[in-house]
Amino acid sequence: MDGMIAPPFAAEDHPRSHHGEYKVPGGKLVVVDFDVVDGLLADVSLSGDFFLEPDEALPAINRALTGLPESTTAAELAAAVTASLPPGAVLFGFSADAVAVTVRRALSKATAWTDHHWNIIAPTVLPTHINVALDEVLTEEVGAGRRNPTLRFWDWEEPSVVIGSFQSFRNELDPDGVARHGISVVRRISGGGAMFMEAGNCITYSLYLPQTLVDGISFADSYAFLDAWVMAALEKIGVTAFYVPLNDIATDQGKIGGAAQKRLANGGMLHHVTMSYDIDADKMVEVLRIGKEKLSDKGTRSAKKRVDPLRRQTGLARTEIIAAMMEVFSERYAATLSELTAAELSAARDRVATKFGAEDWLHRVP
């Protein structure tokens, strides 16, 4: 009808200047669109395939976010969302924290996996002291922007125990077992428990990433978030795995691994995991002091039953499992192969001499 031609875009349909998306691990997609006017969020519009009750909770969240400074932290964003919710509101498939992550991504203060060029370093046989030192060196390099975010697989020859940063040397280790089996004992920079590692008996990898990747994600949730690709790789080889809070990876047949993390002041972050492939459980309990208290919440009386090897569950060679993990990571994140540089190896050797090979570091917690 003449005189009734609509404009190309209705006022409410104009493209927003900021757009963010976040897929909640095991949950739903959260999307947010908004403008920034004079440093404040404007016309915030939250959407996604999540479930939210009651209906009026959605405009309440939009109103709560509109007008906040673009410098608002993830914790403050989540608090604003929570405070806006009507009594009895139900968020299914997402959370206030997920909304905060999405907003921070839209503001380029948080990043997604696809915002980075990822590298993979294939297994390289190195002394355990060097492997531990490389974790610190490469985390620093990524934090400083001198190296792309990287996935590195460890390899080693000497039987070793890597203890957590805050573990007591004397409480964790049986000196007779250590001496009898020629165990090399090293302390790492991350917390968590001891790792008993013989050549070929476990799979260990380290992720070096910018902390922007986990901006707004809780410490606890960041573990599963950073290992979603691992669960997919294990599924591909017939193993259905899941996280047992805080940092254990398990199947319905038992624990298969554990993770640990360390965040550095320069913005770099280390996330590393050791999964058992073919653990000698008898030797492990001779080397480690695994007491009743440690096992009290695990539902088992035997330390041996806590570690269920991937070899038995898959029937695959260790190299085949690592290859499947590298393939899935590469496919998901368009990662490319990389190698350790001479400078990085030199820095790691220096770090062994000054820190990781020194008695004061090893015995920092007696």
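A definition before I start: a residue is called buried if its relative accessible area is under 20%, exposed if that area is over 50%, and partly exposed in between. Keep in mind that this is a predicted model.

Take Phe356 as a case. Its relative accessibility is 2%, so by that cut-off Phe356 counts as buried. Trp361 comes out at 13%, and because the limit is 20%, Trp361 is buried too. How are the rings of Phe356 and Trp361 arranged? Their centres are 5.7 Å apart and the planes stand at 80°, so this is an edge-to-face pair. Trp361 has a further contact: the charged end of Lys355 is placed over its ring, 4.5 Å from the centre.

There is another charge over a ring elsewhere. Arg318 lies over the face of Trp156, and the distance to the ring centre is 5.7 Å.

Now the aromatic pairs in general. How many does the structure hold? The count is 16. One of them is Trp118 with Phe329: the ring centres are 5.7 Å apart and the planes meet at 85°, so that pair is edge-to-face. Where do the two residues sit in the chain? Trp118 is in the loop between helix H3 (96-106) and strand E6 (119-125), while Phe329 belongs to helix H12, residues 318-333. They are 211 residues apart, and the pair links distant parts of the chain. Trp118 has 0% relative accessibility and so counts as buried. Phe329 also has a relative accessible area of 0%, which means buried.

Trp118 and Phe329 belong to a cluster joined by ring pairs.

Trp229 takes us to helix H8, residues 228-236. Which residues of H8 are buried? Trp229 is, along with Val230, Met231, Ala233 and Leu234. As a reminder, an α-helix has 3.6 residues a turn, so residues three or four places apart point the same way. Just after H8 comes Gly238, with a positive phi of about 90°.

Last, the surface. Phe51, Val90 and Phe92 make up a nonpolar patch there, with about 330 Å² of accessible area together. Phe51 is in strand E4, residues 51-53. Is Phe51 buried, partly exposed or exposed? Its relative accessible area is 48%, so Phe51 is partly exposed.

That is the end of my part.

Terms used:
Residues are numbered from 1 along each chain as its sequence is written. This is a predicted model: local features need pLDDT of at least 70, side-chain atom pairs count only at pLDDT 80 or more; totals for chains, interfaces and linings use all residues. Side-chain values use heavy atoms; hydrogens and water are left out. Rings of Phe, Tyr and Trp (its six-membered ring) pair if their centres lie within 6.5 Å; planes under 30 degrees apart count as stacked, over 60 as edge-to-face and the rest as tilted. Helices (H or I, at least four residues) and strands (E, at least two) are DSSP runs, numbered from the N terminus. Buried means under 20% relative accessible area, exposed over 50%, partly exposed in between (1.4 Å probe, protein chains only). A charge sits over a ring if NZ of Lys or CZ of Arg is within 6 Å of the ring centre and within 35 degrees of the ring normal. Patches are made of residues with over 30% relative accessible area and no salt bridge: like charges are joined within 9 Å, nonpolar side chains (Val, Leu, Ile, Met, Phe, Trp, Tyr) within 5 Å. Accessible areas come from the Shrake-Rupley method with a 1.4 Å probe; for residues, only the protein chains shown count as cover. A salt bridge is a side-chain nitrogen of Lys or Arg within 4 Å of a carboxyl oxygen of Asp or Glu.
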